[in-house]
Every structure is written in C-alpha cells, then in structure tokens.
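Visitor: Before we start, could you take me through this model slowly, giving the criterion behind each word you use?

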Amino acid sequence: MNQQLLAKTFVELADNLVADFDLIDFLRLLTDRCVGVLGADAAGVLLADRDGELRVMAASDEQVRLLELFQLQNDEGPCLECFRSGSPVIVPDLSREAERWPRFVTTAHRSGFTAVQALPMRLRDEVVGALNLFRAAPGPFDPAGTLVAQALADVATISLLQQRSSHRSTILNEQLQTALNSRVLIEQVKGKLAERLGIDMERAFTTLRGYARAHNRRLSDVARAFVDGSEPLPGLGS
Amino acid sequence: MRPGGRSARIQVLVAEQAARRGGRAGVLDVCTAAVAALPVGGAGLSAMSRTAASHPLCSTDDISEQLEELQLTLGEGPCVDAFLDGSAVLTPDLLTGRLQDRWAVFADAALEAGARAVFALPLQVGAISPGVLDLYAEVPTVLDPEQLADALAFADLATLLLLDARIDGTGGPAPADRGFEDLDGHRAEIDQATGILTVQLGIGIDEAFVRLRAHAYMRGRRLADVAADVVAHRLRFSPHAEPDRAGDDT
C-alpha cells in the first residue's frame, strides 16, 4: 500500500466533507478510492433500511450486474453476515464458500470476483450498514489494508451524520431514510439520462456528476432539476 | 417484503382498518391505523405539488382537518417544510419560542386548534413526492426511534396507496386484490425503469411510476421483473402501443 497515496486520500475525503457536500457524490468518491488505494476491483457502500434490508448507497461502478451482486446479499453473503454480526467478514477465496453461500458465490464468480471483504459501518452501538470490497484475484488480504478499509467504512458512517447536521433532524432513523431516498432519486435520474442519451447506467452517472462538477452544483440538486425538467441543462439532452 | 418486517406489520394494521371500514385500503386507513399505533391524537394527509395547488385529502378528526387547512392556506408549517426539504419535520412542542418564530402564524393557530406536537412526514420515492402525512398530539410528545420508524413506514405505505389510486379506472385489478408483494426489496432497477419510462412515454416521474406498476399488476407480473426487462431493453413502452397492450390480456 502506497503510504503517500493513502495520506492523500484521507485528506481528500476530509476536504470533501464541507458544509454543503452531496452524500451520494461523496460516497462514490469513497468507493473509488477503495479501489485505488486498497487494490480492490469493486467497492460498494450498503445501508440498512428500517426493515433491515441492505440497500446500495454507492458503488465504484454503477452497472446493473455489480448492483445486483450487492443486492443479492440480502439473502446470503459476506455483507449480510458482517451487518448481522457487526464484525468484519474476510473471504480470501470465494470458491471454498460455495456451500455457505451458493447463490452469492455463483453470481460473484460470474462477475469475475473471487475474494471479498465486508467491513461494518458502526454508529455508537448500532450497525447501520457495511462497506463491501471485491477482488478479482484470490488470496489473503493484507491486514494493514483491512485496517484502512475499516477506517474508510468509518468515514462513510461519519459522512451520513455530517450530511444531516445542517438540517433539523438528528434522529438516526430519519437520517437514514433521507439518505436512502437520495439514492432512489439518483437511480431514477440514471434511468432517464441513460434512455435519453442512449448510454449505459455507469455513463449516465458519470455524465450527471460531470455536469454537476462543471457547474459547481450539488449532484442531487442537478438530479432533481433534471428529473423535474424544471430548467434547461445543456449537455444532458434537456 | 420481509415477512415479519416493519413494513409487513404496518401493512397489516392498515388492512385491518380498511376491513373495519368495509372498503379497499386507502390513505384514510393509513391515518386511522397510525393514530391507533402511535402516541398521537390525530392524523391528516395532504396532496402536495410544486406546480399545482395543494389540497387536503383526508383527516381523522377536526383538529387534524384544521391543521391541514391552516398550513395550506398559510403556506407555512411543518407539512410545508417537510415537503420542500424532503425530510421529516418533528415538532415535539409547538410552545417553544424558536418554532413560534419559524412559523409565526401557524404555531399560534395550531395551538389554538388544540395541537401541541406536530410531526410531518413527506411521502416520497426519490423525485416523486405526492404529499405529506401529518400527525399531531395534544400534549408535548417525543416519538422514540421505534415509533418514528413506524411513522415513516406508514408514510411509505400512504405513498403507494396514493399513487396506486391513479391506476383505478384503467381496468386493472383492485388494489385490495393485489397485495403488496412488490414492496419486497428496493431494487435499483425499479427506480431506473421509472426514469426510463419518463423518456419512452414522454411523461412525468409520478406518472411513470404509476404506469410501471399498472403494467405489472395487469399482467400479474412482479414489479421487479418488469423493471428488469425495461432496464435490459427487453420491454419497451410506447405512448401509442401501450393502451392496446393493456387491453389485450386483462
């Protein structure tokens, strides 16, 4: 692990937790850095809704197959175990776990992943979600890397709280609900933009984010304006 | 939906109210069930819109009715803030000075009407936000985390019932006959498909949500499966062909 890159990453994440930051944008940055710093091939942040169902808040790639792999873990898989136990779940070789998680292992294999790590997102005495890391190559995870991954999971949790500090509610349930709804908005926008421009879901996301950055606006504000059709957004086909 | 989960439990409570009333489950049943389950005196629900007039839809009692009308007339109050912010506004005690500053007219009028605590919960699915559920109590009241989670679940069910009411009259099976099997799992594809339909049909996001669900109901298919077909381009909606398809196998 490159120490300099690591330090730079945490500085970058801290810099992005400014007063008016956008949660989805931030968590996507965090999953991207998981890939860059930890040598993961894919990463996702999952939050539990009030039914205890894990829902994807951000992923290093917005393609349907990867999101499916995260969602599938509501039935079985390392992320669900991590969420339930509140402890990290580290699986260096998924092919040995086919009996433990038959569906998950098959689907992960089809997507080209053979090793996986899930780190709990803890808030006081509650587990609110998990950070999920996938690797294409099997083999043990570097223990130092696991510590860093846990630190990144903690940053993700902090961002959830930070997001709402400027608003009224300080109640966790409500904070999570609002966070999950902001993700639903992004999915709706991805659909609309992908269809309009004839692009895939990942490009729809990065196009939207690129537009927001170029115009110095929050991702969710642009998303809302785009789906409502309430203002012209040149470049987004509207 | 998770058997034994919160949403399932809330749905049963609402269905019981509907059965008692002798009708199909609707937003009024959500209000009465919420009042029975939570430490509140009454509940009301208003249809809200950024572009059209907002209006009260139902309420369980006179005080709730007054609260709905007050907020919409004055254009201020927890319900208005909840709608604009897209997050719950919880007011355990209207008698605190800060709140009286924020809603100068509403706070006094609400106290006068007999409300002391007001909780406003936005109905929303991403960009879709058709209204707000308001709960009030006659005494200062704090909802504990469990009660708040229940209140949010009532609001979610109200959202679906309100939007599904628009399917009526299109020839689909009655909501009461459908159950809520599609509540299971918040699949990202359902939200993506909703966005895709806004383009394919040239309609707003609310309407796209209704059309996607109507399509699934009429064909007796799972919503998640229909959505996956839309996202994978196996199923395409068109503004002209859709009415024909809707008619041929129902």
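Guide: What follows is a conversation about the terms used for this model and the values behind them.

Guide: This is a predicted model, in which local features need pLDDT of at least 70 and side-chain atom pairs count only at pLDDT 80 or more, while totals for chains, interfaces and linings use all residues. Residues are numbered from 1 along each chain as its sequence is written, chains are lettered from A and ligands numbered from 1 in the order in which they are written, and side-chain values use heavy atoms, with hydrogens and water left out.

Visitor: Why is the aromatic pair of Phe21(A) and Phe26(A) called edge-to-face?

Guide: Over all chains the structure holds six aromatic pairs. In one of them, Phe21(A) and Phe26(A) have ring centres 5.7 Å apart and planes at 85°. Rings of Phe, Tyr and Trp (its six-membered ring) pair if their centres lie within 6.5 Å, and planes under 30 degrees apart count as stacked, over 60 as edge-to-face and the rest as tilted, so a pair with these values is edge-to-face. In chain B, Trp103(B) and Phe106(B) also form an edge-to-face pair, with 6.2 Å centre to centre and 85° between the planes.

Visitor: What makes Trp103(B) buried?

Guide: Buried means under 20% relative accessible area, exposed over 50% and partly exposed in between, using a 1.4 Å probe and protein chains only. Trp103(B) has a relative accessible area of 1%, and is therefore buried.

Visitor: Why are H7(A) and H8(A) called roughly perpendicular?

Guide: Two packed helices are described by the angle between their axes and the distance between the axes. Helices (H or I, at least four residues) and strands (E, at least two) are DSSP runs, numbered from the N terminus. Axes are lines fitted to C-alpha atoms, for helices over the stretch in contact, and angles run from 0 to 180 degrees between N-to-C directions. Helix H7 (residues 172-197) and helix H8 (residues 201-214) of chain A pack at about 105°, with their axes 8 Å apart. Angles under 35 degrees count as roughly parallel, over 145 as roughly antiparallel, 65 to 115 as roughly perpendicular and the rest as oblique, and H7(A) and H8(A) are therefore roughly perpendicular to each other.

Visitor: Which residues of H7(A) and H8(A) meet?

Guide: Contact means heavy atoms within 4.5 Å. Among the residues that meet are Ile186(A), Val189(A) and Leu193(A) in H7(A), and Met201(A), Phe205(A) and Leu208(A) in H8(A). By class, the contact of H7(A) with H8(A) has nine nonpolar, two polar and one charged residues, where Ala, Val, Leu, Ile, Met, Phe, Trp, Tyr, Cys and Pro count as nonpolar, Asp, Glu, Lys and Arg as charged, and the others, Gly among them, as polar.

Visitor: Is Glu195(A) buried or exposed?

Guide: Glu195(A), found in helix H7 of chain A, has a relative accessible area of 13% and is therefore buried. Not counting residues up to four places away in sequence, Glu195(A) touches Ile196(B), Val199(B), Gln200(B), His233(B) and Arg236(B).

Visitor: What makes Ile90(A) partly exposed?

Guide: Ile90(A), in strand S3 (residues 89-91) of chain A, has a relative accessible area of 40%, and so is partly exposed. Leaving aside neighbours within four places in sequence, Ile90(A) is in contact with Val116(A), Gln117(A), Phe141(A) and Thr146(A).

Visitor: Why is Cys79(A) called buried?

Guide: Cys79(A), placed in helix H4 of chain A, is called buried because its relative accessible area is 0%. Cys79(A) and Asn132(A) are 53 residues apart in sequence, and 6.4 Å apart in space, C-alpha to C-alpha.

Visitor: What is the phi of His233(B)?

Guide: Most residues other than glycine have a negative phi. Phi of His233(B) is near 65°, a positive value in a residue other than glycine, and His233(B) is exposed, with a relative accessible area of 60%. Arg124(A), in the loop between S4 and S5 of chain A, has a positive phi near 50°, and at 68% relative accessibility Arg124(A) counts as exposed.
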